[in-house]
Amino acid sequence: MDFAFDARTEELRGELLAFMDEHVHPAEATAEEQRAALASPWDTPPVVEELKAEARRRGLWNLFFVNQHSLPDAEYGARLTNLQYAPLAEITGRSPHLAPTALNCAAPDTGNMELLAQFGTEEQKKRWLEPLLAGEIRSAFAMTEPEVASSDATNIETRIERDGDDYVITGRKWYISGAMNPGCEIFIVMGKTDPQGADPRRQQSMVLVPRDAPGLEIRRAMRVYGFEDHAHGGHAEIVLDGVRVPAANLVGEEGGGFAIAQARLGPGRIHHCMRLIGMAERAIELMCRRAVSRTAFGEPLARQGVVQEWIADSRVAVEQLRLLVLKTAWLMDTVGNRGAHTEIQAIKIATPRTVVGIIDRAIQLHGAGGVSQDFPLAELWAAARTLRLADGPDEVHQRSLARRELKRYV
């Protein structure tokens with residue numbers, strides 16, 4: 001990245017790069033070794049807590065909590081803009097299983113903290129937001145369901161029924177990120193309070209469900225491309241069988257769940273895209289190191305025309321993506337998330353798809369090593385490929401973006 005940001009961003013970039021080189025990258029192997037020795041694969045390796053303590057000491061904590069138009073008096077985090085946070089999130093993407101957690105900037109906690117800050121009551125903030133901000137607990141966002149096409153949130157079937165001073169929740173969710181981690185103490189559950197309502201976007205609500213609520217069962221860990229994602233606390237299937245919580249656990253208002261979900265997902269999408277660029281940069285670095293260190297058919301791989309083409313195309317693609325993401329961040333800061341809607345959709349379509357291709361080239365160049373545990377490429381590929389589904393599949397964003405474009409001609 002050759003162009004300069006403002007002085008504060010450049011200062012934080014320098015500090016974060018040093019933190020990555022001195023602590024995060026050396027801890028990657030340590031974390032894997034410690035995880036293998038844990039009583040449960042879902043427990044947090046001790047080195048992660050060490051990284052969190054060091055990040056706090058360096059002032060690299062809760063960087064994601066930007067000043068948004070909806071929160072003009074936000075008191076949380078580093079008070080950065082989206083444009084300031086973008087290059088920092090990119091750096092954390094170079095080690096996506098450690099760095100975001102070390103900085104308390106990992107999904108789904110980031111989106112959940114923003115949601116609670118914007119829509120939570122003072123009691124909810126004190127009980128759940130404050131320990132999340134302190135990194136003392138983890139959280140999960142429970143929306144996706146196995147029995148319906150969850151890319152259309154109006155399809156969800158989980159029921160949230162009022163019973164006196166309580167809500168009773170019944171339903172089944174899956175791929176609930178982070179839920180296998182025993183430190184995940186709170187679930188934000190989306191379901192229908194008014195399933196027969198005339199407006200399909202006013203049928204949903206959100207409630208806070210503690211992990212230890214009777215009737216909440218964490219049934220199993222869902223695999224991602226055949227392996228369990230221990231680093232993120234897994235992706236669980238959960239069942240809510242008549243779970244009862246106080247009515248005070250409602251987030252916002254009844255019928256506001258769909259709007260809250262949209263407010264939560266906008267920042268989440270750009271955060272994912274920022275980190276994806278960091279993942280692509282690491283893949284390019286590994287690709288170049290491999291190309292100059294290996295010989296095939298009498299000459300270094302770096303002199304093979306197809307390898308040079310892969311590297312050149314990857315560099316061009318990353319520079320294009322970065323500029324689009326930075327433009328989106330700037331628009332979110334200046335005209336708000338709604339005004340940046342087209343660009344948010346554009347980066348969500350382009351970034352995961354392009355980064356998957358870059359990582360795939362790096363895997364190809366590494367041969368058998370590329371699909372092994374000796375390099376981070378296989379995990380990076382799985383994470384990037386999954387993001388073509390998370391926060392809305394490509395096709396949903398393409399459909400919406402195309403409709404927006406076509407309106408200008410009708």
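Biologist: Which side chains are joined by a polar contact of 2.3 Å?
Modeller: In this predicted model, the side chains of Arg-138 and Asp-109 are joined that way. Arg-138 has its place in strand 1, and Asp-109 is one of the buried residues of helix 5.

Biologist: Does Arg-138 count as buried or exposed?
Modeller: The cut-off for buried is under 20% relative accessible area. Arg-138 has a relative accessibility of 17%, so this residue counts as buried. Leaving aside residues up to four places away in sequence, Arg-138 touches several others, among them Thr-101, Leu-132, Asn-181 and Glu-185.

Biologist: How many residues of helix 5 are buried?
Modeller: Nine of the eleven residues in helix 5 (residues 109-119) are buried, which leaves this helix mostly covered. The cover over those buried residues includes helix 6, strand 1, strand 4 and helix 7.

Biologist: How do I describe two packed helices?
Modeller: You give the angle between their axes and the distance between the axes. Here, helix 3 (residues 82-92) packs with helix 7 (residues 257-293) at about 40 degrees, and their axes are 6 Å apart. Angles from 65 to 115 degrees would count as roughly perpendicular and those under 35 as roughly parallel, so helix 3 and helix 7 are oblique to each other. Their crossing is right-handed.

Methods
Residues numbered from 1 in each chain as written. Predicted model: local features only at pLDDT ≥ 70, side-chain atom pairs only at ≥ 80, totals over all residues. Heavy atoms only, no water. Axes fitted to C-alpha atoms, helices over the stretch in contact; angles between N-to-C directions. Helix = DSSP H or I, 4+ residues; strand = E, 2+ residues; numbered from the N terminus. Parallel < 35°, antiparallel > 145°, perpendicular 65-115°, else oblique. Left-handed = near helix turned anticlockwise from the far one by under 90°. Buried < 20%, exposed > 50% of the residue type's maximum accessible area, 1.4 Å probe, protein only. Contact = heavy atoms within 4.5 Å. Polar contact = N/O pair within 3.5 Å; in protein donor to acceptor, adjacent residues only side chain to side chain.
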